[in-house]
Amino acid sequence: MADFAVGRESSEFKKGFQAGVSIGIGYFPIALTFGLLAKTSGLSIYETVLMSLIVFAGAAQYISLSLIAYGTGIFEIILTTFIVNIRHFLMSATLNEKVEKDRLLKKLLYAFGITDETFSVAATREDSVSTGYMFGIISVSYSSWVVFSGVGHLIGASLPQTLQHSMGVALYAMFIGLLVPSMKKSAKVIFLAVLGAVFNSIFTLSHIMAQGWSIVSATLLSAIIMEIVEVLKSMHRGVQNEE
């Protein structure tokens, strides 16, 4: 019976690993770019790899680079990345209903590896998701992200100094590249981005608060306003339907 359980776990891990290969390939250029930009932002290769090892969150890591470049304090960076990654609570709660029952320690381990991509693969699987399957997906995606972050830093170190400094522009280009597809799908994202930019500009130019805190405050304030607007719109539609 024990041999059967071990064999099943191994088979599930293999299926998860195979499903995660596409994620690992997709992470290759993003992690490479992150490592390259981390080098131009002043991080050492050890700091770059360590960030990928203990954070493992693409958007949060890119935002951290921009905040580090601004000279933002540690607390503001932690708070900003927490806000960016707060959606992981919802993803983890959703997967908890789909994944088989297992020990808390195992759940804590694979919960660390939940990203937008690993969540999508696991959540869209027709069958129930096993612990082995989750570890299979995460092992290949996590390894790809960490390894290619380091490779990107090494490539950046070999570039001419002038080109390294000019790569700072690529960080903003990356944010634009991430934002534009979302803006095409939803007008809400456009208003959210504009509101955040306006509030950040007001807070920064008027010297109301430091650069790091202005980004955090602008993000929170714009998100709260957009949610209030959405609630009011749904209430208005409800009243119209009743009439």
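Reply: Helix 3 crosses helix 4 in a right-handed sense. Keep in mind that this is a predicted model.

Me: What is the angle at which the axes of helix 3 and helix 4 cross?

Reply: Two packed helices are described by the angle between their axes and the distance between the axes. Here helix 3 (residues 58-70) and helix 4 (residues 74-84) cross at roughly 150°, and their axes come within 9 Å. Angles over 145 degrees count as roughly antiparallel, and helix 3 and helix 4 are therefore roughly antiparallel to each other.

Me: Which residues make the contact between helix 3 and helix 4?

Reply: Helix 3 contributes Ala59, Ala60, Ile63, Ser64, Leu67 and Ile68, while helix 4 contributes Ile77, Thr80, Thr81 and Val84. Sorted by class, this contact has 7 nonpolar, 3 polar and no charged residues.

Me: How do helix 2 and helix 8 pack?

Reply: The axes of helix 2 (residues 45-54) and helix 8 are 9 Å apart, at an angle of about 160°. That makes helix 2 roughly antiparallel to helix 8. The crossing of helix 2 past helix 8 is right-handed. Ile45, Thr48, Val49, Ser52 and Leu53 of helix 2 meet residues of helix 8 including Tyr142, Trp145 and His153. The contact has 7 nonpolar, 5 polar and no charged residues.

Me: Is Ser141 buried or exposed?

Reply: Buried means under 20% relative accessible area. Ser141, in helix 8 (residues 131-158), has a relative accessible area of 0% and is therefore buried. The Ser141 side chain reaches the backbone oxygen of Ile138 at 3.2 Å. Leaving aside residues up to four places away in sequence, Ser141 touches Ile23, Gly24, Tyr27, Phe56 and Thr118.

Technical notes: Residues are numbered from 1 along each chain as its sequence is written. This is a predicted model: local features need pLDDT of at least 70, side-chain atom pairs count only at pLDDT 80 or more; totals for chains, interfaces and linings use all residues. Side-chain values use heavy atoms; hydrogens and water are left out. Axes are lines fitted to C-alpha atoms, for helices over the stretch in contact, and angles run from 0 to 180 degrees between N-to-C directions. Helices (H or I, at least four residues) and strands (E, at least two) are DSSP runs, numbered from the N terminus. Angles under 35 degrees count as roughly parallel, over 145 as roughly antiparallel, 65 to 115 as roughly perpendicular and the rest as oblique. A crossing is left-handed if the near helix is turned anticlockwise from the far one by less than a right angle, and right-handed if clockwise. Contact means heavy atoms within 4.5 Å. Ala, Val, Leu, Ile, Met, Phe, Trp, Tyr, Cys and Pro count as nonpolar, Asp, Glu, Lys and Arg as charged, and the others, Gly among them, as polar. Buried means under 20% relative accessible area, exposed over 50%, partly exposed in between (1.4 Å probe, protein chains only). A polar contact is a pair of N or O atoms within 3.5 Å; within protein, one must be able to donate a hydrogen and the other to accept it, and residues adjacent in sequence count only if both atoms are side-chain atoms.
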